Amino acid sequence: MTLLSVSSLYAQQNNQQEVMINNTVQEQQLRVTKSYYEKINSGDFDNDQYYDLFTEDVKLFYPKFGFIEGKAGIKQFGEQVRNLFKSLTFELDKFNFIVTDNTVVVEGVEKGEVHTGLTFPDNKISYGKFCTVFEFENNRIKRMYCYVDPDHAAEDKRVVALLKKDSQYGEVTNKNEIEGQTKKVVDEFYAIQSGRKQGSLGELFADTVDFDLPGNEQKFPWVGKRHTKKEVEDFFEVLYQNIKSEKFTVEYIAIQGEHAVAVGQLSSVILKYNKTFNAQFVNILKVRDGKIVKYHFMEDSYRLNEEMN
């Protein structure tokens, strides 16, 4: 009985020692994790001490940024972070750490300012919440996968609008905000076109656009379809090389969400024929994320073709 008790005690002591060793390793890994965030808070994440937190073959993931490997990848990611943020602070006192084996999971809160000047979180759309998984090899970070919405300053209003829907009626709760943005862009477009405001019409268009002005493309070089911002810019250049606008009046604009329809009258001298063309028009536009993505301009193209001889 005595021998058994001694053996049991010895086994218990070994188990306790193993637990102590594991705890010590985990404590060190936890300190490294905290050090990672402390260095970012201090702006001290572009030196050997910072890079020594990682293994040579470290793997990193960050939403929208994607996957990258190695310390060179960590450096590239740091440069991108500087491009995105004017300031970034992690509230370590609000962190929740889960430590197991060679893994540390961090649930936390961050705040700061992006380079557009907007601060986050606003606690209405952006909340500053994130979760990051650190996997260790000894006391160095071997894998760091961060799960966070990279729209820190809540600028992705279209996605937010789709997510924040009224469950009963299926209507976007911030419909007024979307329509306000549509109106702002459309009003600016016509203000520039009429000469009431200085600016570039082409800059109001998205990189990819559904653009159409039906007509005889052989006879009138400005009509037809366009698909890119550059092609739209070329359109306005060609248009004003070939016509002289005498009158362009928008009678009213109807807006629903991203969509706008403008109705009006125009009077233009077609320079090649030295004739004036008078017509009513309907302009169909769609605005998304502050840019025009659809532009269909409809006038009496048949009569234009018949009158210009």
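1. A disulfide is taken here as a pair of cysteine sulfur atoms within 2.5 Å, and by this rule the count comes to 0 disulfides. The model is a predicted one, in which local features need pLDDT of at least 70 and side-chain atom pairs count only at pLDDT 80 or more, while totals for chains, interfaces and linings use all residues. Residues are numbered from 1 along each chain as its sequence is written, and side-chain values use heavy atoms, with hydrogens and water left out.

2. The sulfur of cysteine 131 has its closest cysteine sulfur in cysteine 146, at 8.1 Å, which is too far for a bond. Cysteine 146 is buried, with a relative accessible area of 11%, whereas cysteine 131 is partly exposed at 27% (buried means under 20% relative accessible area, exposed over 50%, and partly exposed in between, with a 1.4 Å probe and protein chains only).

3. Strands (E, at least two residues) and helices (H or I, at least four) are DSSP runs numbered from the N terminus, and two strands pair if DSSP finds at least two bridges between them. Strand 9 (residues 205-213) pairs with strand 14 (residues 291-298) in the parallel sense over 4 bridges, and phenylalanine 211 has tyrosine 295 of strand 14 as its bridge partner. Strand 9 also pairs with strand 10 (residues 224-228), in the antiparallel sense over 4 bridges, where threonine 228 of strand 10 is the bridge partner of threonine 208.

4. Lysine 229, in helix 6 (residues 229-242), is buried, with a relative accessible area of 18%. Leaving aside neighbours within four places in sequence, lysine 229 is in contact (heavy atoms within 4.5 Å) with Gly202, Glu203, Phe205, Ala206, Asp207 and Val209.
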